Amino acid sequence: MIFGLLPWLAWFKALHVMSLIAWMSGMFYLPRLFVYHCQAQPGSAESERFKVMERKLLRQIMNPAMISTFLFGTLLALTPGTVDWHAGWWYLKIVSVLGLAGFHGACAGWRRTFAEDRNTRPENFYRAANEIPTILMAVVVIMVIVRPF
């Protein structure tokens with residue numbers, strides 16, 4: 001805990017929430033782009049357009065948003081009085097956030113396979129995968145707001 005952080009608490013919260021919203025927006029949209037990309041013929045103009053959209057979404061929105069989410073979340077955790085380190089909700093939240101980071105990494109890998117015209121997964125795979133960030137985000141929000149245990 002760093003006591004000099006306390007005056008910045010409201011700013012850290014605001015920036016953390018804004019970063020999380022941007023990150024989650026990308027996490028919801030990128031798998032949806034993959035669904036549509038599956039419907040395009042490899043090498044077509046449509047496929048090439050999806051490649052650009054996917055790359056820009058990941059690199060220009062999702063990556064910076066994830067980094068800033070972790071940065072401001074860490075600053076919040078280091079601010080005295082924000083986390084009860086003995087409460088179980090905190091650890092489930094962290095596991096869920098790490099799950100989101102893992103899903104982010106999986107999306108980056110899937111984007112690479114599309115960029116190289118090597119995708120072999122059907123669109124239904126990406127439709128199902130699109131539910132993962134929703135579930136993890138719900139767990140994070142419930143843990144932070146309700147703090148059930």
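Some ground rules. The model is predicted, so local features need pLDDT of at least 70, side-chain atom pairs count only at pLDDT 80 or more, and totals for chains, interfaces and linings use all residues. Residues are numbered from 1 along each chain as its sequence is written, and side-chain values use heavy atoms, with hydrogens and water left out.

Let's start with the fold. The protein chain has five helices and zero strands. Helices (H or I, at least four residues) and strands (E, at least two) are DSSP runs, numbered from the N terminus. Along the sequence, the pattern reads α-α-α-α-α. The C-alpha atoms fill a box of roughly 55 × 30 × 15 Å, taken along the principal axes.

How many of the 149 residues are buried? The share is 39%. Buried means under 20% relative accessible area, exposed over 50%, and partly exposed in between, with a 1.4 Å probe and protein chains only. Now contacts, meaning heavy atoms within 4.5 Å. Among those between residues at least 6 apart in sequence, 80% join residues at least 24 apart.

Next, the record. UniProt, in an unreviewed entry, places the feature "transmembrane region" at residues 6-30, 61-83, 89-107 and 128-146. Those positions are in the numbering used here, feature names are shortened, and annotations may be inferred rather than shown by experiment. Take two of these spans. Residues 6-30 are 88% helix and 0% strand, with end C-alpha atoms 36 Å apart. Residues 89-107 are 100% helix and 0% strand, and their end C-alpha atoms lie 27 Å apart.

On to the cores. A nonpolar core is a set of buried Ala, Val, Leu, Ile, Met, Phe, Trp, Tyr and Cys residues joined through side-chain atoms within 4.5 Å. The largest has 25 residues, and Met-27, Leu-30, Phe-34, Leu-100 and Trp-110 touch the most other members. Which helices supply at least two residues each? Helix 1 (9-38), helix 2 (45-78), helix 3 (88-115), helix 4 (123-129) and helix 5 (132-145) do. Apart from this core lies another, of six residues, including Ala-77, Val-83, Ala-87 and Trp-89.

Look at Leu-30 up close. Beyond its neighbours within four places in sequence, Leu-30 contacts Glu-54, Leu-57, Leu-58, Met-62 and Cys-107.

The largest pocket holds about 730 Å³. Of its 29 lining residues, His-16, Gly-73, Leu-76, Lys-93 and Val-144 are the closest to its centre. Helix 1, helix 2, helix 3 and helix 5 each give two or more residues to the lining. A pocket here is an open set of points on a 1 Å grid over the protein atoms alone, where a 1.4 Å probe fits, with protein on both sides within 12 Å along at least five of seven lines; lining residues have an atom within 4 Å of a point. Grid points are joined across faces, edges and corners, and the volume is the space filled by probe spheres set on them.

Last stop, helix 2. Is Lys-51 buried or exposed? Lys-51 is buried, because its relative accessible area is 11%. Lys-51 and Phe-114 are 63 residues apart in sequence, yet 7.0 Å apart in space, C-alpha to C-alpha.

Phe-50 is in helix 2 too. Phe-50 counts as buried, at 11% relative accessibility. Not counting residues up to four places away, Phe-50 touches Leu-33, Tyr-36, His-37 and Ala-40.
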